[in-house]
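Please look over the sequence and the three-dimensional picture below before reading on. The paragraphs that follow go from the whole chains to single residues.

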Amino acid sequence: MAVLIYLITVLVCVLVVFYAERKLAAFVQDRLGPMQTGFYGTFQAIADLLKMLQKEDIIPQKADAPLFKIAPILVFVSVFVGFVAIPLSPDFVGAPMRNGLYFVLAIVSLDIIGLLMAGWSSNNKYALFGAMRAIAQIVSYEIPIGLSVLAVVMTCQSMDLQEISFQQGIWANEFGGNTTNYLFGLKSLGINTTDIGGILTWNIFRSPVLFIAFIIYFIASLAECNRAPFDIPEAESELVAGYHVEYSGFRFGIFFLAEYAMMLLTGFLATILFLGGWNTPLPNIGNVPLAAWTSGAPGTVAATIWGVFWMISKTIGLLLVHVWVRWTFPRLRIDQLMHLCWKVLTPISILVLFVSGIWRLLMV
Amino acid sequence: MTYFKDISEGIKTTVSGLKLTMKHIWQARKSRSTVGIEQENYFKQDTGIVTLQYPFDSFPVPDNGRYRLDNVIEDCIVCDKCVKICPVDCIDIEAIKAVEDLGLTSDGSPKRLHAAIFDIDMAKCCFCGLCTTVCPTECLTMTKTYDFSEFDVTNMNYHFSNLSPEQVLEKKQLLEDKKG
């Protein structure tokens, strides 16, 4: 049941983002984008999907067929399994885990095995180059991601994604813990925001240093998803298509889906870790309890509806930023990519980790 | 320290790049209107979506544009000048001397010849417009139709003769009879 809910969520979000990406790309370049299929081209994504499913599934003669066939499935499964720990609402999470965050990061790293499988078994130099680049990039960028996520873990004192979500809203004490949120995480300011909620209790406001962690996480997640400007594993102008150059039809579709699912997963994770998860962005102001109006008490139907609504819309918003970034910047060279990771993001994230540790002391 | 300078420059350029694309996304609310080159504000539209959804929408063609040829056969005196001037020989005319009175064209020139064949092969045409300048009765003109592609190239050969094959035979017979 949960699998079906997540699968449908992923598919719908992927279709929405795919359409939005084509439209935004067009608008950035002063074009219109798809206009013919359905009103304003809304069915273009579905039409493309149907077209892709009808294509022949070509397996090159010299390819290592078993690995070649299983690679896209492994990539998608390892990305999709990550969704299981993502709480979509106060009452709905596929698998409640005390160490859900650890699980997500671990399982997502599996997909590089699938990428290497795809690249190597294709028996194609471009595919192999693409796979090698993908691995170098993803393994490297897991370090800034890990460190920025660690800063959140330090602030929240938990690896449970549901607990992290609960801490960032007006239902902070419904999960069992005893959380008191202060403005900017400074107890000495004396402004208790626990009942104000909204954007003020999001992690980026609970501890402002996490905003820098968020930026680092966002940049690194672009690289994790092989998205421009870090799309060197599939650099069209150099590698034709990278690790999936030999794939066609349904298997290519799976790769495509996995890429967008990965974006969605990192988007969900960013939302939970930094942007309040399923909590409403509207705070209670004096006699106007906007936060209470736009979210339900855990256990009610309203909580699920509002939770899913805020969660999905925040994530889609983040993915639209992904798209915006993609159509703004040219691709980085591989040495620039490694420079950014090891010499810029990693030192800054270590610094952020240190400062957020000190900030945590100010919060209690 | 170039390291920190690079980082701050990187952030600055990143932000300005994002601003630029956001500006374009914002301007994409409007499309440019389809004004022709002859209109005043043709060069004044520098923002908004440039895409023209062609079959539904198109630019106005300038009056002196040279596109598909059209011949009004009622006004044609079959003088053969267009055939002679054509640099690519895309016009094919076969004339038959008329025995009866064919009347006048709309500008008052007397018509003395039937056009048994008046074919213009637009697939060969180089759109120089010389035929229209030599045409004494101005019956051969360039129209504003530019979208006339065909699946079969032979369909590009336009027939302007107003005589059916039977009528052609009849007119030839009449001429023979008169000579004889």
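**A walk through two chains**

In chain B, the mean positions of the 21 positive and 27 negative charges are 10 Å apart, where Lys and Arg count as positive and Asp and Glu as negative, while His and the chain ends are not counted; the place of a charge is taken as NZ of Lys, CZ of Arg, CG of Asp or CD of Glu. In chain A there are 20 positive and 21 negative side chains, and the centres of these two sets lie 4 Å apart.

Before going further, note that this is a predicted model, in which local features need pLDDT of at least 70 and side-chain atom pairs count only at pLDDT 80 or more, whereas totals for chains, interfaces and linings use all residues. Residues are numbered from 1 along each chain as its sequence is written, chains are lettered from A and ligands numbered from 1 in the order in which they are written, and side-chain values use heavy atoms, with hydrogens and water left out.

Consider chain A as a whole. Its secondary structure comes to 14 helices and four strands, where helices (H or I, at least four residues) and strands (E, at least two) are DSSP runs numbered from the N terminus. The C-alpha trace of chain A spans about 70 × 45 × 40 Å along its principal axes. A compact globule of 364 residues would have a radius of gyration near 21 Å, and the 21 Å of chain A agrees with that; this radius is taken over C-alpha atoms, and the globule rule is 2.2 Å times the number of residues to the power 0.38. Of the 364 residues in chain A, 55% are buried, a word that here means under 20% relative accessible area, with exposed meaning over 50% and partly exposed lying in between (1.4 Å probe, protein chains only). If we take the contacts in chain A (heavy atoms within 4.5 Å) between residues at least 6 apart in sequence, 76% of them join residues at least 24 apart. The accessible surface of chain A comes to about 15200 Å², and 71% of it belongs to carbon and sulfur atoms; such areas come from the Shrake-Rupley method with a 1.4 Å probe, and for residues only the protein chains shown count as cover.

Buried residues account for 30% of the 180 residues of chain B, and its accessible surface is about 12000 Å², with 55% belonging to carbon and sulfur atoms.

Where the chains meet, 16 residues from chain A and 18 residues from chain B take part in the contact. Together the two chains bury about 1500 Å², 69% of it on carbon and sulfur atoms; buried area is the accessible area (1.4 Å probe) that two parts lose on being put together, summed over both. Within the area that chain A buries against chain B, A:D30, A:L32 and A:W324 supply 41%, more than any other three residues.

Some single residues also deserve a look. Most residues other than glycine have a negative phi. A:Y40, which is not a glycine, has a positive phi of about 55°, and its place is in the loop between α1 (2–28) and α2 (44–54) of chain A. B:D89 likewise has a positive phi, near 50°; this residue is found in the loop between α2 (81–85) and β2 (91–97) of chain B, and it is exposed because its relative accessible area is 53%.

In strand β2 of chain B we find B:D92, which counts as partly exposed at 44% relative accessibility. Which residues does B:D92 touch, leaving aside its neighbours within four places in sequence? They are B:I117, B:F118 and B:D119, and the C-alpha atoms of B:D92 and B:I117 are 6.9 Å apart, although the two are 25 residues apart in sequence.
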